[in-house]
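Q: I have a structure open beside its sequence, and I would like to learn how to read its features one at a time. Could you take me through it, giving the general idea and then the case at hand?

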Amino acid sequence: MNIVVCVKQVPNTNEVKTDPKTGTLIREGVPVIINPEDKVAVEAALQLNGNVIVLSMGPPQAEEALREALAMGAHEAMLLCDVKFAGSDTWATANALAAAIKRLSYDLIICGRQAIDGDTAQVGPQLAESLALPQISYVQKIEINENKIIAHRELEDGYEIVEAKLPALITVTKELHKPRYASLHGINSAYEKEIKVLTAKDIGADEKTVGLKSSPTKVKKIFTPQGKSAGVKLEGDIKTVCQKLICILKEKEIIREF
Amino acid sequence: MAKVRLTDNFSGFFLDLGTGVTISKGDGFIEAPDTIELHQAVSNGYVDFENEEKEKTQKIKEGQEVWVFAEQRNGRIPQVVFELIGKARELAKKLNVKAGAVLLCEKEKDMPGELIAYGADKVYLAENPLLKNYNTGVCTKVISDLIKKENPDIVMYGATHIGRDLAPRIAQRITTGLTADCTGLEIDDDSLLIQTKPAFGGNIMAQIKCPDHKPQMSTVRPGVMKMHEKDKGRTGKVIKIMVDLNENDSLTRVIEIVKENKCVANLESAEIIVAGGRGLGTRENFRHIEELAGLLCGEVGASRAAVDAGWISKDHQVGQTGKTVRPKLYIACGISGAIQHRTGMQNAGIIVAINKDPNAMIFQIADYGIVGDLNKVIPQLIEGIKR
């Protein structure tokens, strides 16, 4: 079974800090990582014991993310790297990934549910549509049964069991697996494997469907959110401050007399 | 005397205009006396004047509508849909077009009426046994075809497990843009939709537009937009759409829907939320939060740290990877206030922060802050309220 896993290299948004004086984002020195749910996707592919091809799109440094996936045990790696892809929104990203995947033979595509930098959860379903594949998103459990996949898809108040014929695309959540750590042997062999770097021309991507100019959505403006300003600190001993707070909330009719 | 009517800004049922005149929802324009009460209502935006000329020139355009995908499960429409219809009304008013809801189901029951009562002018209704449960392939086909036929200007979806599965699929099929998790939607001077969304874990905000493709599409998380008051007197049109579906359109098959007996926290519609974080230290201490929430008839919220520590289930999590809430009162206990958490609760009416670290970031957005030991402050609060 050939499994394609799409991974994205993202800044670790948990480690982003803002400048306390200006309130702006400090972008320097933010470490980059494989998007956490994409790592779960790699783990899922490895556990299905197929031939695992990891695919990413990004700048040359995204090779690091692919190298990490290889160290976990993935068999092949491909990086779509071309200025023509730069600035792609989710629609254009899905088009580029689809162009690359169309040239491969595959049974299953696994994506992380969403990336922590944009939180859109859109590329998976958009890629499935571009390839006219069945999709199952928010997958927290999988089972392959001959030419079918049966997955538990998370819902707000439970889950649904969904079946699709292969080839299919799934997007997976953290609940599915805990990704393994790369072994020393894995890390060593990752450096012996080749990462195929492909341009728009290499994958035959239609230039009108990829990159910044073709993307339907345009960023108009980026700004730092203006939080509301700090209010008052209630001072005094615990009993007094609690009483003050209760009085304020009663005055504002937020809490009523009990 | 002037003729006035209630606007959507007024959330009550009737308003006293002085000298014995009251105006109710659904009254339309009534003669109002010139009173202090009237002036106050005008400055609050609760009423507007009849302006015959304006009414005439502003005859509502046909087409280019603002739509909401009205998801339903088991014949029940979640609150986020009504929140979005409220927003659709505002946008439609600005664009001078109609607000529409798209409802796919097996049997309509009373759902179209409900959508109209919350502000839809039109309900596009497709009924078919294959539409009983949500299915990606089927819903994509029906809605994409309807969009191509009716050319709406804007389509909004709840950022739910259904909306986030469906909207991207439709965007790709009809070749248009889609912006995820919008926290603000406005119309600019060129009549384009300006979509504001957090990025980079909420550290920055981005404004996105989709100038060359229609419709402009967005998903919005539950609890972000404000629901308008339900008006049972509103009238609207139900348009039945014919669907030609067969099993092959579904691509996937739902074998079973399992409702987990997890008592799902209803944070999005809670008026009071008491939330706990890492600062509580133990599961035992977290129970104080539950007690205080119970006493205030509120819900229990939590930061990611408290959920990761296993003190409470994930459906209580507030923030970027949890829920977005806008209660009247949010009491944050032992929560440092990382941006990821603040994104989910900064729209609360009143924020109270209790933390032993006087420099905790949560104090930057709190209306009232208490610096102190939680395990003393919360029991004291509980005792104070009980008394």
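Q: How many of the contacts in chain B with a separation of 6 or more come from residues 24 or more positions apart?
A: Two residues are in contact if their C-beta atoms, placed from the backbone, lie within 7 Å. In chain B, 64% of the contacts with a separation of 6 or more are between residues 24 or more positions apart. This is a predicted model, in which local features need pLDDT of at least 70 and side-chain atom pairs count only at pLDDT 80 or more, while totals for chains, interfaces and linings use all residues. Residues are numbered from 1 along each chain as its sequence is written, and chains are lettered from A and ligands numbered from 1 in the order in which they are written.

Q: What do the radius of gyration and the globule rule give for chain B?
A: The radius of gyration is taken over C-alpha atoms, and the globule rule is 2.2 Å times the number of residues to the power 0.38. For the 387 residues of chain B the rule gives 21 Å and the radius of gyration is 23 Å, which is close, so chain B is as compact as a globular protein of that length. Along the principal axes, the C-alpha atoms of chain B fill a box of roughly 65 × 60 × 40 Å. Chain B has 10 helices and 21 strands, where helices (H or I, at least four residues) and strands (E, at least two) are DSSP runs numbered from the N terminus.

Q: Which domains does the assignment give for chain B?
A: Domain bounds come from an automatic or database domain assignment, and for chain B this gives domain 1 (2–57), domain 2 (66–247) and domain 3 (272–386). The C-alpha centres of domain 1 and domain 2 of chain B lie 31 Å apart, and 4 residues of domain 1 are in contact with 5 residues of domain 2.

Q: How many residues does each chain bring to the contact between chain A and chain B?
A: The size of an interface is often given as the accessible area lost when the parts come together. Here residues are counted instead, and the contact takes 67 residues from chain A and 67 residues from chain B. On the side of chain B, the largest share, 8 residues, comes from strand β16 (residues 252–259). That strand pairs with strand β11 (residues 158–165) of chain A in the antiparallel sense over 7 bridges, with A:E160 and B:I257 as bridge partners.

Q: In which order do the strands of the open sheet lie?
A: Strands of a sheet pair through backbone hydrogen bonds, either parallel or antiparallel, and two strands are taken to pair if DSSP finds at least two bridges between them. In this open sheet, 6 strands with parallel pairing follow the order β15(A)-β21(B)-β20(B)-β19(B)-β17(B)-β18(B). Its edge strands are β15 (232–233) of chain A and β18 of chain B, each of which pairs on one side only. Strand β17 (residues 272–276) of chain B is joined to β18(B) by 4 bridges, and B:I273 has B:E299 as its bridge partner. Strands β19 (residues 329–333) and β20 (residues 350–355) of chain B share 5 bridges, one pair of bridge partners being B:Y330 and B:I351.

Q: Is helix α3 of chain A largely enclosed or open?
A: A residue is buried if 20 or more other C-beta atoms lie within 10 Å of its own, exposed if 12 or fewer, and partly exposed in between, with C-beta atoms placed from the backbone. In α3(A), 12 of the 12 residues are buried, so the helix is largely enclosed by the rest of the structure; among them are A:W91, A:N95 and A:I101.

Q: Which backbone angles deserve a second look?
A: Most residues other than glycine have a negative phi, and most peptide bonds are trans. A:D119 has a positive phi of about 55 degrees, and it counts as buried with 22 C-beta neighbours inside 10 Å. A:E146 has a positive phi near 50 degrees, but with 6 C-beta neighbours inside 10 Å it counts as exposed. A cis peptide bond joins A:L166 and A:P167, with omega about 0 degrees, and the bond from B:K214 to B:P215 is cis with omega near -5 degrees.
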